[in-house]
Amino acid sequence: MFDLELKKLQTEEPRTPEGLPEDIIVSPDTHRANRIPPGQSRTRKWPILDAGGPPRIDMEKWRLELHGLVEKEASFDWAQFQQLPRTKVFSDFHCVTRWSRLGNVWEGVSTRDLMKAVGTISPRARYVLVHGYDFGWTTNLPLDQFLAEDALIATHHDGEPLSVEHGAPARLIVPRLYAWKSAKWIGGLEFIENDKAGFWERNGYHMNGDPWREERFGY
Ligand SMILES: Nc1nc2c(c(=O)[nH]1)N[C@H]1C(S)=C(S)[C@@H](COP(=O)(O)O)O[C@H]1N2
Ligand SMILES: [Mo]
């Protein structure tokens, strides 16, 4: 009996984008016939992975700061962040340590909507350095990846508020790149001209990080 249930769990097909409500943005990779990138295996659990554990965040002091090469720098407190338009995204999540979690529904503020609030981005800006609240943790990614239609600052996952371990109160989600680019406990977005390695990138991980091209290490 137990064996049978276990088998069912392991073979159950992932949720597909067909039949989702119209207002959910569907990440294009979820339309692939094979949704598992090379060298990855599917997990039905959601592992917790980070470099130093959750930071203590005082919600009175929480800010999301946008700075660098933007027309006007901006800082949202939690109440202001709640006023921004909300978006839902259906996407897969690929960790460079070789697990993939398929069919996630994220809810939060799309990066495109967030950027509308700060005027234009300088044409010189080509990369984003994302800052977490944990010990000055950072990750870098190309601006066009950050502004992909399915990228968002998420507060909810599969209908539940994010747990602290998974990045509450808010985390970045960039479905088209490996999960280490999806910064938990987000506090800042710095728009820069020249690419600058973040925490894992300084330790050998890829500057871009496309799972379909197995951009795990190096440039
Ligand atoms: N701020 C911050 N964000 C982070 C990390 C981290 O150490 N600090 N780890 C990254 C890594 S390596 C992965 S695989 C994902 C894992 O997200 P999860 O713990 O919600 O599965 O978060 C990423 N975001
Ligand atoms: Mo990771």
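Visitor: Which strand does S9 pair with over three bridges, and in what sense?
Guide: S9 and strand S11 (residues 171-173) pair in the antiparallel sense over three bridges. Two strands count as paired if DSSP finds at least two bridges between them. Strands here are DSSP runs of E with at least two residues, numbered from the N terminus.

Visitor: Before we go on, what kind of model is this?
Guide: This is a predicted model, where local features need pLDDT of at least 70, side-chain atom pairs count only at pLDDT 80 or more, and totals for chains, interfaces and linings use all residues. Residues are numbered from 1 along each chain as its sequence is written, chains are lettered from A and ligands numbered from 1 in the order in which they are written, and side-chain values use heavy atoms, with hydrogens and water left out.

Visitor: Back to S9 and S11. What stands opposite Leu 152?
Guide: Ile 173 in S11.

Visitor: How many bridges join S6 to S9?
Guide: Five bridges link strand S6 (residues 99-110) with S9, and the two run antiparallel. Glu 107 has His 156 of S9 as its bridge partner.

Visitor: And S10?
Guide: Strand S10 (residues 160-161) is joined to S9 by two bridges, again antiparallel. His 157 has Glu 160 in S10 as its bridge partner. S9 and S10 form a hairpin with two residues between them, and Asp 158 in the turn has a positive phi of about 45°.

Visitor: Is S9 mostly covered or open?
Guide: Mostly covered: of the six residues in S9 (152-157), five are buried, meaning under 20% relative accessible area with a 1.4 Å probe, protein chains only.

Visitor: Different topic. What is the strand order in the open sheet?
Guide: The order is S4-S3-S12-S7-S8, five strands with mixed pairing. Strand S4 (74-77) and strand S8 (138-142) are at the edges with a single partner strand each, so one side of each has no neighbour in the sheet.

Visitor: How does S7 pair with S8?
Guide: Strand S7 (residues 127-132) pairs with S8 in the antiparallel sense, over five bridges. Leu 129 has Asn 140 in S8 as its bridge partner.

Visitor: Now the ligand. How many residues surround ligand 1?
Guide: 20 residues, and the closest are Ala 51, Asp 134, His 166, Arg 171 and Lys 184. A residue counts if one of its heavy atoms lies within 4 Å.

Visitor: Which side chain has an N or O atom 2.7 Å from a ligand oxygen?
Guide: That of Arg 171. A polar side-chain atom of Lys 184 is 2.6 Å from an oxygen atom of ligand 1.

Key: Helix = DSSP H or I, 4+ residues; strand = E, 2+ residues; numbered from the N terminus. Buried < 20%, exposed > 50% of the residue type's maximum accessible area, 1.4 Å probe, protein only. Polar contact = N/O pair within 3.5 Å; in protein donor to acceptor, adjacent residues only side chain to side chain.
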